[in-house]
Amino acid sequence: MQVLIVEDEEALTTLLRYNLEAEGFLVDSATRGDDAELLLAERTPDLVLLDWMLPGLSGIELCRRIRARRETERLPVIMLTARGEEGDRVRGLGTGADDYIVKPFSVPELLARVRALLRRAKPAHVADRLAAGDIELDRTGHRVRRAGEELHLGPTEFRLLEFLMLAPGRVFSREQLLDGVWGHDVYIDERTVDVHVGRLRKALNAPRQADPIRTVRGSGYAFDETFSLEA
């Protein structure tokens, strides 16, 4: 899952990035509101941590614009601010923020709020178990079973299957899979994706079993949304 931090305090951004990545999140950041707006136009994260006072475009105005765009109108937003007066909190929430936390704050509390908000907004993304057809993926135990039998997947193949199962039917390009599974800061050839998809298929599919991974020529790969019906 991806979190966008929009914060002009470098030290705070570094602290948040470290703790979020330790929790398994992918993190992007911007120090200006207008730069964040450009990032949001390119890729929609799963949640935004948004500072109130920003250069270029204020957090309040950016939050308004997030709610005004169809693609981001339901995007979870947590406002970070030193403004703790009741009127400021009401204004921030009234602009469209889902939660509001006053600086200085406890990082564990912020992480708890992030997880709570994501549970409400995207329950599948924080569920401990994913299932489709006869395939079960245990995210906590890092185990995968098919038809009741445990499969042996490498860590990359596990993350790849998890990523695809979170959005059945959606076609991901190789570049999107590299970003989502390997991370933005890893520079490897896109054909590496093909190698790992091949390994995943080999681990998943016994003879005469349906293949849940769909190849879309010229586009990428998807977890077949009809697999649950066929299995």
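These are my notes from looking through this structure, which is a predicted model.

**Entry 1: the β-α-β unit**

Strand E1 covers residues 2–6 and strand E2 covers residues 26–30; the two pair in the parallel sense, over 5 bridges. I looked up one of the partners: Gln2 is bridged to Leu26 in E2. Then I checked what joins the strands into a unit. E1, helix H1 (residues 10–22) and E2 make a β-α-β unit, and its hand is right-handed.

**Entry 2: Val107**

Next I picked Val107, which sits in helix H5 (residues 107–121). Is Val107 buried or exposed? I found a relative accessible area of 14%, and the cut-off for buried is under 20%, so Val107 counts as buried.

Which residues does Val107 touch, leaving out those up to four places away in sequence? I got Leu15 and Asn19. I also looked up the spacing to Asn19: the two residues are 88 residues apart along the chain, yet their C-alpha atoms are separated by 7.9 Å.

**Entry 3: the four-stranded sheet**

I moved on to the sheet with the order E6-E7-E8-E9. It is an open sheet of 4 strands, and the pairing is antiparallel. Its edge strands are E6 (129–132) and E9 (149–151), each pairing on one side only. On average, neighbouring strands here are turned by 25° against each other, direction ignored.

I zoomed in on one pair. E6 and E7 (residues 135–138) run antiparallel to each other over 4 bridges. Within that pair, Arg129 has Asp138 of E7 as its bridge partner.

What packs on this sheet? I found helix H7 (residues 155–165), which touches E6, E7 and strand E8 (143–146). The direction of H7 makes about 110° with that of E7.

**Entry 4: the largest nonpolar core**

How many residues are in the largest nonpolar core? I noted 27 residues, and those with the most contacts inside it are Val144, Leu161, Met165, Ile213 and Phe223. The elements giving two or more residues to this core are E6, E7, H7, helix H8 (174–182), helix H9 (191–204) and strand E11 (220–223). H7 supplies the largest share, with 5 residues.

I finished with Phe223. Not counting residues up to four places away in sequence, Phe223 touches Ala132, Leu161, Leu164, Met165, Pro168, Gly169, Pro212 and Ile213. Leu161, Met165 and Ile213 turn up again here, having been listed with Phe223 among the residues with the most contacts inside the core.

Terms used:
Residues are numbered from 1 along each chain as its sequence is written. This is a predicted model: local features need pLDDT of at least 70, side-chain atom pairs count only at pLDDT 80 or more; totals for chains, interfaces and linings use all residues. Side-chain values use heavy atoms; hydrogens and water are left out. Two strands pair if DSSP finds at least two bridges between them. A crossover is right-handed if, with the strands pointing away from the viewer, the path from the first strand over the helix to the second runs clockwise. Axes are lines fitted to C-alpha atoms, for helices over the stretch in contact, and angles run from 0 to 180 degrees between N-to-C directions. Contact means heavy atoms within 4.5 Å. Buried means under 20% relative accessible area, exposed over 50%, partly exposed in between (1.4 Å probe, protein chains only). A nonpolar core is a set of buried Ala, Val, Leu, Ile, Met, Phe, Trp, Tyr and Cys residues joined through side-chain atoms within 4.5 Å.
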